[in-house]
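Please keep the sequence and the structure in view while reading.

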Amino acid sequence: MPFEAFENDVLGEEQQLAALAQVIRYSNSFSLVFAVCNNTQYREELIGRLQSILEDVPTQVLRLAEKTENLLSALREDSFESVKALFVVGMEGWIESGKAGERHAFILNLNATRNALPTAYSGTLVLWMPEYLAALLHSGAPDFFSVRSGLFYFAPSREERERLSAEASKLSWGETLSLSRVEKDELITRLENLLQDILSIPEDDRDPKAVIRLHIALANAYGAHGLDADALPHELVAVNLSREVYGERHPATFMSLSNLAVTFRAIGRTAEALELQEEVLTARKEVLGERHPDTLTSMNNLAETYRAVGRIADALILQEEVLTARKEVLGESHPDTLSSINNLAGTYAALGRNRDALKLEEEVLTARKKVLGDRHPDTLTSMNNLADTYREMGRKADALKLQEEVLTGSKEVRGERHPDTLTSMNNLAMTYREMGRNADALKLQIEELAACQEVLGERHPDTLISMGNLASTYQEMGRYADALKLHEEVVSASKEVLGEHHPATLTSMNNLANTYEDLGRIPEAIAMYEDAVAGLEDLLGGTHLHTIAGRANLARCRKKLP
């Protein structure tokens with residue numbers, strides 16, 4: 001830190017609180033005090049204790065709204081005449097660290113308005129903030145910083161840090177997923193602060209299990225927020241520490257490895273996910289047994305990766321086995337059982353067994369609404385999957401109604417930039433196109449592709465799918481040059497990222513062949529169709545709807561030869 005005040009740890013927590021209470025109690029005019037605390041949960045507890053100490057003194061908490069630009073204006077918006085101590089909190093939620101934070105309007109305005117603050121409030125103004133924000137005030141608003149009457153630094157004890165870490169990291173994946181966007185943001189901030197507090201303890205005195213718990217909880221929070229790239233570093237640390245603390249064959253280590261594999265798949269590193277999941281499944285069967293819930297989770301995750309890499313038949317075998325076992329071990333209505341039904345339905349759909357998929361999807365949607373509620377992320381996923389099957393079966397009006405409902409719900413529950421929200425946008429756009437609403441489809445696809453490129457990256461499988469769908473809309477609208485450029489880019493990237501025989505690669509090859517055909521480049525179209533059909537026959541079999549459609553495309557194109 002650029003100032004030494006924060007390195008002074010002479011006073012203990014109780015002494016710091018008592019001293020701050022004395023400043024507030026005996027101040028008879030405006031005074032400015034900084035209270036530095038890195039942990040938001042601990043800060044809230046401290047404010048509560050301070051208010052108890054000052055039970056006969058009028059106090060109030062002012063939570064600054066996001067993007068507040070002027071503290072003076074915030075003070076003038078309400079009347080605090082009867083309040084002797086005003087505790088200002090919330091700045092860390094929207095002022096970032098570093099140079100960008102120094103240039104924030106809120107920081108700059110503190111210098112300009114420092115002499116006017118007593119005209120808006122005449123009591124003790126206590127600014128609660130993390131250490132990085134105090135550093136920003138020191139460097140970005142030095143005149144404001146210099147007029148303070150006191151600076152108090154609160155750091156939880158080792159025992160308190162570990163209690164807080166256990167409390168903050170106790171949420172399960174399902175509970176984390178169910179949080180609102182704001183609650184997820186708050187959880188991430190709280191966990192990041194807790195982690196820094198724990199890491200500030202000398203390593204010999206630090207509880208490594210608390211560190212592991214926090215990294216896992218952070219990875220879950222980032223993953224539930226759709227920020228899988230941000231989850232990855234925490235997963236890697238959790239794996240390495242688990243191996244050191246628990247050993248290679250401990251269930252806790254298996255869990256860390258399993259979580260890492262799921263994150264690998266989410267960010268498109270499917271080969272690494274597959275290798276890790278096969279390793280974890282073998283180990284869990286040996287250590288925990290074939291029917292242990294964690295073993296069934298590994299089987300389920302591996303099946304999902306099999307499907308992601310195009311090994312549909314392998315996915316089907318595992319998923320049917322997992323569903324049978326989960327019904328026996330966990331029960332028909334357990335959330336994990338419902339996930340298995342949902343995943344199996346997705347594989348049925350990938351195999352062209354739409355009626356089987358439809359039956360399961362309607363079953364799981366009804367159950368999830370009953371067990372989880374209408375707006376739970378898993379319920380929205382089920383609605384999205386059912387809508388996709390409706391579209392595949394030609395029930396476009398039913399698909400459209402459900403997809404518009406899903407997109408609205410996903411934006412509210414997950415946020416506008418969450419990967420699942422982007423998937424919902426993509427699916428709705430495809431239905432628009434199939435219903436002839438090309439302009440609506442194009443607008444939505446351009447917006448969704450830009451978001452995918454920013455959130456997921458240029459080479460992520462979902463980004464490539466979005467590019468291919470946009471190209472098909474261009475083609476539908478007669479913009480063949482735009483379509484050709486995108487289709488060729490998607491085929492090249494899909495072969496490199498996913499492999500030559502992945503279902504998405506074969507679909508992109510078929511789409512490119514169709515563009516060649518529309519442009520009259522018949523020999524190139526035939527060659528591309530032939531490669532795509534051969535891959536579909538090997539992967540899905542000769543009776544799959546996609547294979548049959550591919551053969552029909554090839555036959556039609558061959559008739560155009562002179």
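The model is a predicted one, and the chain it describes contains 28 helices and five strands. Of its 562 residues, 51% count as buried.

- The buried residues of α15 are Thr270, Ala273, Leu274, Leu276, Gln277, Val280, Leu281, Ala283 and Arg284, and what covers them includes α14 (251-266) and α16 (293-308).
- An α-helix has 3.6 residues a turn, so residues three or four places apart point the same way.
- Threonine 270, which has its place in α15, counts as buried at 12% relative accessibility, the cut-off for buried being under 20%.
- Leaving aside neighbours within four places in sequence, threonine 270 is in contact with Phe264, Arg265, Thr305, Ala308 and Val309.
- Leucine 274 also has its place in helix α15 (residues 270-287), and with a relative accessible area of 14% this leucine is buried.
- When residues up to four places away in sequence are not counted, leucine 274 touches Leu302, Thr305, Tyr306 and Arg311.
- Leucine 274 and glutamate 304 are 30 residues apart in sequence, while their C-alpha atoms are 9.6 Å apart in space.
- Just after α15, glycine 289 takes a positive phi of about 105°.

**Helix α23**

- Asn438, Ala441, Leu442, Leu444, Gln445, Glu448, Leu449, Ala451 and Cys452 are the buried residues of α23, and their cover includes α22 (419-434) and α24 (461-476).
- Glycine 457, which comes just after α23, takes a positive phi of about 110°.

**The pair α18 and α19**

- Helix α18 (residues 335-350) packs with helix α19 (residues 354-371) at an angle of about 155°, the two axes being 8 Å apart.
- Angles over 145 degrees count as roughly antiparallel, and α18 and α19 are therefore roughly antiparallel to each other.
- On the α18 side, the contact is made by Leu338, Ser339, Ile341, Asn342, Leu344, Ala345, Tyr348 and Ala349, and on the α19 side by Asn354, Asp356, Ala357, Leu360, Glu361, Glu363, Val364, Ala367 and Arg368.
- By class, the residues of this contact between α18 and α19 divide into ten nonpolar, three polar and four charged.
- The crossing in which α18 passes α19 is left-handed.

**The pair α25 and α26**

- The axes of helix α25 (residues 480-497) and helix α26 (residues 503-518) cross at roughly 150° and come within 9 Å, and the two helices are therefore roughly antiparallel to each other.
- The contact is made by Tyr480, Ala483, Leu484, His487, Glu488, Val490, Val491, Ser494 and Lys495 of α25, together with Thr505, Ser508, Met509, Asn511, Leu512, Thr515, Tyr516 and Asp518 of α26.
- Eight nonpolar, six polar and three charged residues make up the contact of α25 with α26.
- As for handedness, α25 passes α26 in a left-handed crossing.

**Helix α7**

- Helix α7 (residues 131-140) is largely enclosed by the rest of the structure, because seven of its ten residues are buried.
- The buried residues of α7 are Glu131, Leu133, Ala134, Ala135, Leu136, Leu137 and Gly140.
- What covers these buried residues of α7 includes both strands and helices, namely β1 (31-37), α4 (99-102), α5 (105-113), β4 (124-129), α8 (142-146) and β5 (150-154).

**An exposed loop residue**

- Lysine 67 lies in the loop between β2 (59-63) and α3 (71-76), and with a relative accessible area of 64% this lysine is exposed.
- The C-alpha atoms of lysine 67 and methionine 91 are separated by 8.8 Å, although the two residues are 24 residues apart along the chain.

**The chain as a whole**

- Taken along the principal axes, the C-alpha atoms of the chain fill a box of roughly 95 × 55 × 40 Å.
- Among contacts in the chain with a separation of 6 or more, residues 24 or more positions apart account for 67%.

Terms used. Residues are numbered from 1 along each chain as its sequence is written. This is a predicted model: local features need pLDDT of at least 70, side-chain atom pairs count only at pLDDT 80 or more; totals for chains, interfaces and linings use all residues. Side-chain values use heavy atoms; hydrogens and water are left out. Axes are lines fitted to C-alpha atoms, for helices over the stretch in contact, and angles run from 0 to 180 degrees between N-to-C directions. Helices (H or I, at least four residues) and strands (E, at least two) are DSSP runs, numbered from the N terminus. Angles under 35 degrees count as roughly parallel, over 145 as roughly antiparallel, 65 to 115 as roughly perpendicular and the rest as oblique. A crossing is left-handed if the near helix is turned anticlockwise from the far one by less than a right angle, and right-handed if clockwise. Contact means heavy atoms within 4.5 Å. Ala, Val, Leu, Ile, Met, Phe, Trp, Tyr, Cys and Pro count as nonpolar, Asp, Glu, Lys and Arg as charged, and the others, Gly among them, as polar. Buried means under 20% relative accessible area, exposed over 50%, partly exposed in between (1.4 Å probe, protein chains only).
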